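Dear colleague,

Please look it over alongside the text below.

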Amino acid sequence: MSRLRDALERGEFVVTGEVAPPLGTDMTAMRESVATLGPLCHALNVTDNQGATLHLSSLAASRVVLDMGFEPIFQQTCRDRNRLALQSDLLAAWTLGLENLLVVTGDDPRGGDHPEAKGVFDIDSTQLLAIARGMNEGRDMLGREMAGGTGFCLGAAAFPEAEPWDVQRERALRKVEAGAEFFQTQAVFDIEKFARAAEELRPSGVKLIAGILLLKSPRVVKFINERLAGLMVPEHLGARIEEAVDPLAESIELATEQVRALREIADGVHIMPLGVDAAVGEVLAGAGLT
Amino acid sequence: MIITKPREWDRILANLAEVDARRVFVMGCGQCATVARTGGEDEIAEATERLSAAGIEVTGWAVGEVACHSGGTRLETRRHSGSIDEADAVLVLSCGAGVQTVADATSKPVFPGLESVFLGNVVRHGVFEERCQMCGECVLDMTAGICPVTTCPKGLLNGPCGGMWDGTCEVVTDRECTHVLISRRLAEQSRGGASDRVLAPKDHSKQLKPGSVNLRGERGERGTRRGTAR
C-alpha cells in the first residue's frame with residue numbers, strides 16, 4: 001500500500017519533495033537528490049518532461065527512486081501521449097511498483113525546448129484521473145475488465161492563487177469527482193488564499209498538500225514572474241529576497257515561516273527546492289517537522 | 001472562410017526551379033483568398049512582379065470564382081488553356097484545396113503559392129480568428145457557444161490548466177482563458193454544462209481523414225438527401 005496514502009489517511013502531516021530526471025542517461029545527480037530528499041519526505045515527485053523540455057522518462061526514473069528505498073509519485077502529463085499510450089504507461093507504472101500518480105495537463109510545447117512539437121492533449125487531466133480511477137477498479141477507459149487492475153493513490157494539481165477562484169474551485173471539485181484523493185498545489189505565497197481553498201475543498205474529502213517554492217535568489221523571483229505560467233511572486237515577498245544580504249538564507253527563512261503557517265491548515269507540504277536540496281532539511285527542522 | 005498566408009517566396013522559387021520553370025501561369029481564388037488579401041487580383045499582380053524580377057515570365061493569370069470548385073476550375077483552366085499550355089508550371093494563390101483542384105484540372109506541375117492556416121471567422125474587414133476546427137463532434141452545446149477545442153491552445157475540454165493567471169491564457173498571453181469565458185457565460189445564462197460536469201474525451205474517429213460528404217445518394221441523383229457522410 002502507498003505509504004503516502006496511508007499517511008494522508010492517518011491524518012499525518014505529509015512532506016513531499018521533487019526530483020527531476022536527467023537529460024541523458026547519467027542518473028548520478030538525480031540519485032544524489034533522491035538520497036538527500038528521500039529520508040526527509042514521505043514521497044518524491046518525479047517530473048515528466050517538466051516545462052515541456054526533454055528529460056528521461058518519469059516512468060523509469062520513478063522506478064530508480066523506488067529501488068533506492070523511497071516512494072515515488074509518478075507524474076504524468078497529458079501533453080506527450082495519447083489515450084493508448086497514457087493507459088499503457090499507467091499499467092506499466094503499476095507493474096513497476098509505482099503506487100502514487102500525479103496527473104497534470106502539462107506545459108504547452110511552445111514554451112519548452114521543442115517548440116515545434118505537437119502537443120497531444122488527447123485526454124485532459126480531469127479525464128485522465130477518471131481513467132486512472134477506472135483502472136483502480138480493474139477497467140480500462142472503454143469499461144472493459146482488464147487482466148489485473150491498478151491501485152494508485154491518485155493526485156492532481158490545484159491552484160489556490162490563480163484567480164478567478166470560483167472557476168478554479170469548480171475545476172478542483174470536478175477533479176475530486178473524477179478520482180483525485182490529494183492535491184499538490186502550485187506554490188503558495190498567500191496563506192489566506194490557501195486557507196480559502198482548504199475551507200472550500202476539504203469537505204469533498206480531498207487532501208491538500210501545499211506547494212512551497214524555495215525562492216533562492218532574485219533571479220528565481222524574476223524567472224517565475226516573467227517566464228513561469230500560472231504563478232506570480234507577490235511584490236512584498238519578491239522584495240524580501242531581492243533586498244536580503246543573503247537571499248538563500250532569507251528564502252529558507254521564508255519557506256520555514258510558510259511551512260509553519262501551513263501546518264495548521266494543510267494536510268502536508270510539497271517542497272520544490274529548485275536545486276538547493278540541502279536546504280530542505282533546514283526548512284523542515286525550522287518548522288518543527290523533523 | 002479559409003484563411004491563407006503568403007508562403008515563403010524563396011520556397012516558391014525553389015519549387016519552380018525544381019521543374020526548371022521559366023514560364024509560369026498564376027491562378028488565384030475569387031473567394032477566401034481574395035477576402036484574405038492573399039490570392040486576389042492585387043496579390044497576383046504582386047506575384048507577377050516578383051516572378052518577373054526573378055527572371056520568370058508570367059504567361060497569364062486568372063482569378064476564378066472559387067478555386068476549390070472542381071467544375072468552375074476546370075472551366076477556368078479551359079478558358080486559359082493557351083497561356084497554361086505555354087507555361088512550364090502553374091502557381092496557385094489559394095488554399096490547399098484550391099491548389100489540388102487546379103492540379104486535377106491541368107497536366108502541368110502545380111505549386112502552392114500560399115499556406116493554408118485555419119477556418120476563420122471574419123471579425124471585421126481584414127481581421128480573422130479561428131473559432132472552429134471542424135472536429136466532427138460539436139461541444140458548443142455544453143460550452144456556452146465558445147469552442148475549447150479550438151480556442152484553448154491545448155484544446156482541453158476540461159479547464160483551465162495550471163497556466164491560467166488572472167483569467168489570462170498561459171500560451172496566448174494577451175487572451176482571456178477560454179475556460180474562464182465559458183464558465184462566465186454559462187453562469188450568466190444560469191446553465192450547467194462544462195461548469196458542472198466532466199466532459200468526456202473526444203471521439204477523434206469523427207474527424208478521420210479524408211472527410212467526404214455525398215448528398216447525391218447511391219445513383220448520383222442531386223438532392224436525394226440519402227447521401228452519405230463520413
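What follows is an account of the sheets in chain B.

Please keep in mind that this is a predicted model.

One sheet of chain B is open and made of four strands, which follow one another in the order 3-2-4-5 with parallel pairing. Its edges are taken by strand 3 (57–64) and strand 5 (110–112) of chain B, each of which has a single partner strand, so that one side of each is left without a neighbour in the sheet. From one strand to the next, the twist averages 25 degrees. Within this sheet, strand 2 (residues 23–29) and strand 4 (residues 89–92) of chain B are paired in the parallel sense over four bridges, and Met27(B) has Val92(B), in strand 4 of chain B, as its bridge partner. Helix 3 (residues 41–53) of chain B lies across strand 2, strand 3 and strand 4 of chain B, and runs at about 170 degrees to strand 3 of chain B.

A further open sheet of chain B consists of three strands in the order 1-6-7, and here the pairing is antiparallel. Strand 1 (2–6) and strand 7 (127–130) of chain B stand at its edges with a single partner strand each, and therefore one side of each is left without a neighbour in the sheet. Neighbouring strands of this sheet are turned against each other by 65 degrees on average, direction ignored. Strand 1 of chain B is joined to strand 6 (residues 114–124) of chain B by five bridges, the two running antiparallel, and Lys5(B) stands opposite Glu115(B) in strand 6 of chain B.

Notes:
Residues numbered from 1 in each chain as written. Chains lettered and ligands numbered in written order. Predicted model: local features only at pLDDT ≥ 70, side-chain atom pairs only at ≥ 80, totals over all residues. Heavy atoms only, no water. Pairing = 2+ DSSP bridges. Axes fitted to C-alpha atoms, helices over the stretch in contact; angles between N-to-C directions. Contact = heavy atoms within 4.5 Å.
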